[in-house]
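Morning, everyone. Please take a look at the structure on the screen, and then I'll walk you through it.

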Amino acid sequence: MKSRFAFLSALLLLTLGAHTSRAAVKPDHPRSQSPEIVPYIVGGGNAEAGAWGFTVALMRNASSPFEGYTCTGTLIGPDVVLTAAHCVENASTESLQVYAGSYDLNNRNGDGQLIDVRKIRIHEEYNTRTLVNDIAVVFLAEPVDLPTVKLISAQALAALVPGTRLSVAGWGSTRPVGDRYSPTLKSVDVNYVDNATCNTAFEDAVTDEMMCAGVAEGGKDACDGDSGGPLVMELDGTRYQVGIVSSGASECGQAGFYGVYTRLSVMDSWLEKAVTELITLNTVDDQNLQACIEQTALSRGWTRVDEVSEVVCENANITSLDGLAVYTQLRTLGLAGNPLQDLTVLPELSNLQQLDLANTAIADLGTLAEMPWLSSVTLSGLDHITCVDVNSGPYSYGELADAACFNNVLGIELADAALASCIRNIVLEDGVTAPDQIELVNCSNKGVASLQGLQAFTGLRSLHVLGGQISDVSPLSNLVELRQLTLFANNVSDLSPLAGLVNLYWLDISDNQVSDLSPLVNLVNLSAFFIEGNSGITCMPVSGRQLAYDDIPASCFSTEPTPDPEEIDSDGDGIIDAEDNCPGRANPGQRNSDDDERGDACDHDDDNDGFSDRAERDAGSNPLNPYSTPETIHQDADGDGILDAEDNCPLVYNPGQVDRDGDGIGNACDAR
């Protein structure tokens, strides 16, 4: 049990600290029941010298570019980097740097340079779930004297035919699965694939804003960590960028699947307004607000959005602030007398100091809780707000916070006092203001007896309430974003409210009163499932080991009376489930090449070398030999003239291959 709880602690830390850049932590972007589409160079080689000088690396603050590397990007101007939105959606100008001028992330030649970031702009209609409009630009704090890449025109891209050769580059993973990133820039040639063909693989998840490239037989692809990188084509000796690495199948280079890229030919108008930052191109949604901005700009001589520092638009019948987020240098905003109800754009204005909301239609001030930089807020006429005397002021952020003006989470009625206290502590520590902003709740060992009221927290992704008295889990039935749920040591007997939580991959119901697992029939993503201590479960052995969905016999999902477990043989191979190392698939020989808990029939990596058996067979390596992998079959790590796959001591020079005891391990390694 200790190892599992240690892992749970690590899981909680990961949940709290993870970001969604594909390079460091795989983001959770389920797209279809076919191999999962996830943001992710396999099958290529070292990038050609001088051909990719416009390619840069995005990195979080770290001791070296390689340690901090997260994504790839391209210089489209001396101070403008083009990349994928999912690479920077959780980044800030303080946490992000750009490494340019070198193919080597270890900078051994000393020609690489680190540049700070002054601004990040993500496509306003970027969808974090579907990855539509997965594009962003990063503005550098200073220009660099390096090559830039030209972008393809819509006319030129329209002339592409399937099979046209393209190239992609990045520092990402060089193996189909895992995160083994390359310190040197890699590239690979792939073919253009039309969207109709691509959609047969990804079940119509590829939209007009996307394009695909790869090879039908697999083996060549962008991969984990290449996100944001360039897909290019060559015309008359000049390279043009046609796409941005965005997503693909979870196993890179898988036959029948392709890399998915943001299609740049449909992004020209967005790029023009994003890069030029002209006020006349970056229009807000509300015409009255746009007119006020343009009038102010004309009187001040401003032409670019980053020049606008003050906008006062009183009684202008403004109903929406959508689009205002591009005005990042705005310090004063006057909105008095407008029928505004929604302020959700404002937290993106991190330089805003003075805000006038007098006589607007704002119902509450919860949004302002995310803006601790505010120094002056005017609330005159908002008599329904009672936390302060609205007709006095203006008030600073601190004064409003001290008066508890911001939070509407604490108004949610939670039936259990222990749960309410736990949630209150989370709210106060994290500064959240709306229930859907809370993604992690850990109220373990606090004696929680009821989850009633928790249904309001629709953004919950991780919930851990072990060691309580919970019997009813129905308040969780609508929390469809849940990925992790720990109910260890409670009084739960009915799992039916969990039937629709199909995103769950961690579920711990140990030490409860569960007897029926049939409600879990659709929870196919379960990869960490614990059931020990439920004596009523008779359809399968109840042990303390970590299970996955495939370990659950079909009989557990049946509503028919459960037979004696000593008689159950779900796969009909003559071996009862309690003793079968693959109870869901017939394997009378019980072959288990790597001597782990799963037989070869259920094991997709029979030698535990990190490569799937399919990937090894496709590459020609031995799926039963951990030293024989798609990477090592052509390698001789110790330089003794014997390939690693055949060498009895692959890391120590031993050309004679002496093995006196005949154990398969050469003396050079036995001696160690």
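Is Tyr-69 buried or exposed? Tyr-69 is buried, because its relative accessible area is 5%. Buried means under 20% relative accessible area, exposed means over 50%, and partly exposed is in between, with a 1.4 Å probe and protein chains only.

A word on the source. This is a predicted model: local features need pLDDT of at least 70, side-chain atom pairs count only at pLDDT 80 or more, and totals for chains, interfaces and linings use all residues. Residues are numbered from 1 along each chain as its sequence is written, and side-chain values use heavy atoms, with hydrogens and water left out.

Now the overall picture. The protein has 672 residues, and buried ones make up 51% of them. Helices (H or I, at least four residues) and strands (E, at least two) are DSSP runs, numbered from the N terminus.

Next, aromatic pairs. Rings of Phe, Tyr and Trp (its six-membered ring) pair if their centres lie within 6.5 Å. Planes under 30 degrees apart count as stacked, over 60 as edge-to-face, and the rest as tilted. That rule gives 5 aromatic pairs. One of them joins Trp-52 and Phe-54. Their centres are 5.9 Å apart, and with 55 degrees between the planes the pair is tilted. Trp-52 is buried at 2% relative accessibility. Phe-54 is buried too, at 6%.

Back to Tyr-69. Tyr-69 pairs edge-to-face with Trp-171: 6.0 Å centre to centre, 65 degrees between the planes. This pair links distant parts of the chain, 102 residues apart. Tyr-69 is in strand S3 (residues 69–77), while Trp-171 is in the loop between strand S9 (165–170) and strand S10 (186–193). Trp-171 counts as buried because its relative accessible area is 0%.

On to charges. How many salt bridges does the structure hold? The count is 10. A salt bridge is a side-chain nitrogen of Lys or Arg within 4 Å of a carboxyl oxygen of Asp or Glu.

Take Glu-277 and Lys-119. Their closest N and O atoms are 2.3 Å apart. Glu-277 sits in the loop between helix H6 (268–276) and helix H7 (287–300), and Lys-119 in strand S6 (residues 113–122), so the bridge ties together parts 158 residues apart in sequence. Both Glu-277 and Lys-119 are buried. They also belong to a network of salt bridges, with Arg-304 and Asp-306.

Here are two other bridges. Glu-124 pairs with Arg-121, with closest N and O atoms 3.0 Å apart. Glu-124 is partly exposed, at 44% relative accessible area, whereas Arg-121 is buried at 5%. Glu-234 pairs with Arg-239 at 4.0 Å between the closest N and O atoms. Glu-234 is exposed, with a relative accessible area of 51%.

Some charges sit in a patch instead. Which residues gather in the patch of negative charge on the surface? They are Glu-125, Asp-285, Asp-322 and Asp-342. Patches are made of residues with over 30% relative accessible area and no salt bridge, and like charges are joined within 9 Å. Asp and Glu count as negative, Lys and Arg as positive; His and the chain ends are not counted. Asp-342 lies in the loop between strand S16 (332–334) and strand S17 (354–356). Asp-342 is partly exposed, because its relative accessible area is 40%.

Last, the backbone. Where is the cis peptide bond? The cis bond runs from Gly-393 to Pro-394, with omega near 10 degrees. Pro-394 is in the loop between strand S18 (376–378) and helix H8 (397–402). Tyr-395 is in the loop between S18 and H8 as well, and is buried at 13%.

Now phi. Asn-359 is not a glycine, yet has a positive phi of about 55 degrees. Asn-359 is in the loop between S17 and S18. Ala-489, also not a glycine, has a positive phi of about 60 degrees. Ala-489 lies in the loop between strand S21 (484–486) and strand S22 (506–508), and is partly exposed at 25%.

Key
Patch = residues over 30% accessible without salt bridge, like charges linked within 9 Å, V, L, I, M, F, W, Y side chains within 5 Å. Areas by Shrake-Rupley, 256 points an atom, 1.4 Å probe, with all protein chains shown as cover. Charge placed at Lys NZ, Arg CZ, Asp CG, Glu CD.
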